[in-house]
Amino acid sequence: MDFSFNEEQTLLEDSVARFVQNDYGFEDRQKVVKSEDGFSTEKWQIFAELGWLGVHFSEADGGFGGGAVESMLMLENFGKGLVVEPYLATVVLAGGALKHAGTAEQKAQYLTAVIDGSKQAALAYAEPQGRFNLADLTTTAQKDGDNYVINGYKAVVLNGPAADFFVVTARTSGAQRDEAGVSLFIVRNDAKGLSKRDYPTVDGLRASELTLDGVTVAEDALVGAEGDGFKIVERVVDDGILAVGSEAVGCMEVLYKDTVEYCKTREQFGQPIGKFQVLQHRMVDMFMEHEQSKSLMYMAAMRMDEGYSPEAQKAVSAFKVQVGKSGRFVGQNAVQLHGGMGMTDELNIGHYFKRLTIIDTLFGNVDFHLKRFGRL
Amino acid sequence: MRRFAKQSMAQFSSQLMQSFSLLATKQTGIALWDDPTWRSCLLENNWVGASWPLSWGGPGWTSEQKFRWYRACHQSFEDYVEPPEIRDVGPCLQRWGNHRGRGLMAGITSLDVRWSLALFEGSFTPADFATKLASSWRLSGSKTQVRFALRADRLLVVAKQGEKFVLLDIASDTPGIEIAPMVGLAGDVTLAQIQFNDVLVTEEQIAGELESSEALRQLCYQTVSLELGRSGAIERQLVAARQQVEAGVAASAEFSSRLAELEIALQALVIMEKRVVAASATDVPSPIPWSLLQAQGLALQLEVGELVLDTFGYYALPYPDEISLHNEGPIGSSSGMTASRSMLRATEQVNYANLAGDLYDIAAEELLSGADRVGMHEKIATE
């Protein structure tokens, strides 16, 4: 029953919190979002210099050996600042796949570059027909001598426009929805036969649709054992859920606190609107939703650090359910309590709400994870 | 700590405790904490005043130990496990009792005397307090929602004397006292109304003094506050719901989904309770106002109660009191009959918990004022 952080974790949290507070103002963030890249390469280099891009990886791989708790602390603070730099896509997802299943050569070639900030990456796992089923794949990889030939289509690949390489899921055997037969491959962004359609997402990030038309990769591009990639993707996505969920908790904290402050100062009928009982109760509910999410975030992080097991998966799904429900409640009420201002692009409130809405959909929504929780 | 948890859980799961559990749900009119064997058990295990510090005569447990004990109790029993002299009267005398009042603690900790705290009135505004001790040492007025007054040997009465509030130690059979039962939603009689008609008291019966209306407010909060570990009660109810769903009686996607949602909400509540406990152990501000934690727990208890009732369908309808009066077996399943009772009791608990002020209003006051949240609720819960 110890919820305190050790010295290293506290230092990490302080460092990220300070950066977000002092160097990640909302107006600057908006300029970056509207830029061509959609994120700041300068800030990405700062992340690398501060060692944040290596927190997720083991010391043997050149990282700092952080676990789920460290990831939670970083992402919660990223959420407070609506950080748009592609930490999730590059470090947690694509980097995570290599961390869990990459060969020593793959780690040396790609992870080292991720950690020093010189390369960006993306995980291409979703397909239009699959919804949230990670095993539902029509993309295939067929053995051709010492190579694999990949054909198919990948949807909403986060950080697709900036990625130097992709970790792509493809079916090497089995039927369309079989868990067995899923394999992972590293595909460079200049691979012949790979085409992209880049676009912004609702929350200001960037994504791509990938078409793989006879993309040929060598055997050494295979990540993990052939046909055994489902477990890797499932693990990486659960890491991703913890990351975006933590981000959502940070978003909710800002929304709740900003709303309380606004209601204390905004006057109607000669008094602050925060004096109205019905609004007070709504704010109490917002606070409670945030605290419930935060509590389940702690539980999920602790379970993941204890080892990846059905209990950990269950805790992650419980967290995702709560974040989906709470995020919508807190976001919608923050917008409503801010009145007309809540809808405008100039105020940060709507941007947090949009991020929370996207997070609910990422990696499976409330319904999906409620079923998964019941099943596990 | 783990050894302690195992020990307490093992004791609760023993045969002896199971018999108490049965006893608690039987229609004997005896609450668990009023059963002589259970009272002996409390004494023998040094569980009297489990939340009290050593200086009060309690075991002096850490916040975590208290949490585990209460949670284990709630997991095992529907009834309160501590008698009202321990829940209500002892803490009141310890905080506001005078020399004589504290002298009464010996009888309380030995469980020799049955007490009840007569505190609430129709209006909870201190200025409207109508139970008054006149200069002639005559006590007049009325009290309502007095918990377990019908079984009390003695009453600790809060009365207004001039501008101050005093605590009076009065035998319940003193001439001029009329105690009338208030039948609750579940058919239980746990509350009573008391009328004081010129009851003669002496100066020696003054057992303490509340120095201000703020102290009176604190006493009200203290009396209605629930201890940490309420999640144990919800867990017990959820087990019943899960059994119903898994047994196929109420197997449906709808029930499975509701069950999963409630299990997740329960997990969140457990972690929130643990965060409050952990904060109190390290002397840092509590992350969550106690009032809100109570409100959340009670709301969840009601939701689980609704789910349990729904899973039983029509067999939640039979009224257990009437059926047991005729010594007949259960109609449908006995669990269905107790489910409706649990739901009604939970509703009563919500009502009682809000007596000292709406929990949401209290939480809003704490949150909006930005006050340090080591408020009175946390102190009550964790001390």
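When I say that two residues are in contact, I mean that they have heavy atoms within 4.5 Å of each other. What I am showing this morning is a predicted model, and with that definition in hand I would like to begin at the interface between the two chains. There, 29 residues of chain B are in contact with 27 residues of chain A. The area buried between chain B and chain A is about 2,600 Å², and carbon and sulfur atoms give 70% of that area. If we ask which residues of chain B stand out, Ile264(B), Arg275(B) and Leu368(B) supply 26% of the area that chain B buries against chain A, which is more than any other three residues do.

Turning to the polar side of this interface, the rule finds six residue pairs in polar contact across it, counting pairs in which both residues are at pLDDT 80 or more. The count of salt bridges between chain B and chain A is two, and one that I can point to joins the side chains of Lys325(A) and Glu261(B), at 3.0 Å from N to O. Which helices of chain B supply at least two residues each to the side that touches chain A? They include helix H4 (63–76) and helix H10 (253–282), together with helix H11 (290–312) and helix H14 (359–369). The largest share of that side comes from H10(B), with 13 residues.

Let me now step back to chain B as a whole, which has 15 helices and eight strands. Of the 383 residues in chain B, buried residues make up 55%, and the accessible surface of the chain comes to about 16,100 Å², with 52% of it belonging to carbon and sulfur atoms. Among contacts in chain B between residues at least 6 apart in sequence, 71% join residues at least 24 apart. On the surface of chain B, Leu150(B), Val183(B) and Val189(B) form a nonpolar patch with about 260 Å² of accessible area together. Leu150(B) is found in the loop between strand S3 (138–147) and strand S4 (154–161) of chain B, and this leucine is partly exposed, with a relative accessible area of 45%.

In chain A, the side chains of Lys107(A) and Asp61(A) meet in a salt bridge at 3.4 Å, N to O. This pair links distant parts of the chain, 46 residues apart, with Lys107(A) in helix H6 (residues 104–115) and Asp61(A) in the loop between helix H3 (41–49) and helix H4 (68–81). Are these two partners buried or exposed? Lys107(A) counts as buried at 18% relative accessibility, and Asp61(A) counts as buried at 16%, the cut-off for buried being under 20%.

In chain B, Arg154(B) forms a salt bridge with Asp169(B), the closest N and O atoms being 2.6 Å apart. Because Arg154(B) lies in strand S4 and Asp169(B) in strand S5 (residues 164–171), the pair ties together parts that are 15 residues apart in sequence. Arg154(B) is partly exposed, with a relative accessible area of 25%, whereas Asp169(B) is buried, at 1%. Arg258(B), for its part, forms a salt bridge with Asp310(B), with the closest N and O atoms 3.0 Å apart. Here the arginine lies in helix H10 and the aspartate in helix H11 of chain B, so the pair ties together parts that are 52 residues apart in sequence.

Technical notes
Residues are numbered from 1 along each chain as its sequence is written. Chains are lettered from A and ligands numbered from 1 in the order in which they are written. Side-chain values use heavy atoms; hydrogens and water are left out. Patches are made of residues with over 30% relative accessible area and no salt bridge: like charges are joined within 9 Å, nonpolar side chains (Val, Leu, Ile, Met, Phe, Trp, Tyr) within 5 Å. Accessible areas come from the Shrake-Rupley method with a 1.4 Å probe; for residues, only the protein chains shown count as cover. A salt bridge is a side-chain nitrogen of Lys or Arg within 4 Å of a carboxyl oxygen of Asp or Glu. Helices (H or I, at least four residues) and strands (E, at least two) are DSSP runs, numbered from the N terminus. Buried means under 20% relative accessible area, exposed over 50%, partly exposed in between (1.4 Å probe, protein chains only). Buried area is the accessible area (1.4 Å probe) that two parts lose on being put together, summed over both. A polar contact is a pair of N or O atoms within 3.5 Å; within protein, one must be able to donate a hydrogen and the other to accept it, and residues adjacent in sequence count only if both atoms are side-chain atoms.
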